[in-house]
Amino acid sequence: MKMKDLIKDIDFRSEKLEQEYIGVTFDHCDFTEVVFGDVLFEDCVFTACNLSLCKSHKTSWNGVRFEGCKMTGINFSDANRFTFRAGFKDCQLQYASFQGLSLIGTRFEGCLLEESNFADCILKKAVFNGCELRMAEFTRCNLEYADFTTAHGYVINPNENRLTHAKFSRYGVEGLLATYKIEIV
């Protein structure tokens with residue numbers, strides 16, 4: 001277990017990862033293309049880190065916050081599904097995969113989620129505050145009580161997703177009707 005409270009400016013492409021990190025803040029670290037494997041991150045914070053193209057096969061992300069991180073193409077879909085609890089603020093998550101994860105109550109704030117994959121996710125009570133969701137995939141999702149009121153660019157098919165009590169702004173209704181190929185003027 002890593003006992004340091006702060007790990008700063010480390011290039012993990014050439015440094016070996018420990019098996020456990022609890023309560024650690026990673027600041028300006030580079031994890032580009034790292035295959036995490038069976039690593040536990042519990043109550044950790046990642047600030048201004050690069051996690052682009054990472055693979056998180058069997059990784060436990062439990063109570064983790066990502067702030068201002070570049071995470072383009074990160075694959076969370078193979079993470080430990082029983083312990084996945086994370087929050088995201090001001091992160092670049094283009095092409096990220098969350099496929100099949102339970103993301104109940106997950107907060108995405110000010111994130112770029114263009115072309116991200118949320119297929120088969122449970123997103124009950126998730127919040128997409130000020131997020132760009134252009135071409136993000138939402139199929140077979142449970143979006144009950146999810147909040148999209150300040151999100152933009154999304155296209156969500158009401159026939160393929162559970163939307164009971166989900167919140168959308170009137171300006172986002174177009175993204176719900178796009179499937180029907182109707183013209184809104």
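Biologist: Is Lys 124 buried, partly exposed or exposed, judged by its relative accessibility?

Modeller: In this predicted model, Lys 124 counts as partly exposed, because its relative accessibility is 30%, and that value falls between the limits of 20% and 50%. The side chain of Lys 124 meets that of Glu 144 in a salt bridge, with a nitrogen-to-oxygen distance of 3.7 Å. Lys 124 sits in the loop between β8 and β9 (127–129), while Glu 144 belongs to the loop between β9 and α1 (173–177), so the pair ties together parts that are 20 residues apart in sequence.

The search of the whole structure finds 9 salt bridges, and another of them joins the side chains of Glu 109 and Arg 107, at 2.9 Å from N to O. Glu 109, at 23% relative accessibility, is partly exposed, and Arg 107, at 40%, is likewise partly exposed. A further salt bridge links Arg 13 with Asp 11, whose closest N and O atoms are 2.8 Å apart; Asp 11 is partly exposed at 27%, and the two residues belong to a network of salt bridges that also takes in Asp 30. As a general point, side chains of opposite charge can pair when their charged atoms come close.

Key: Residues numbered from 1 in each chain as written. Predicted model: local features only at pLDDT ≥ 70, side-chain atom pairs only at ≥ 80, totals over all residues. Heavy atoms only, no water. Salt bridge = Lys/Arg side-chain N within 4 Å of Asp/Glu carboxyl O. Buried < 20%, exposed > 50% of the residue type's maximum accessible area, 1.4 Å probe, protein only. Helix = DSSP H or I, 4+ residues; strand = E, 2+ residues; numbered from the N terminus.
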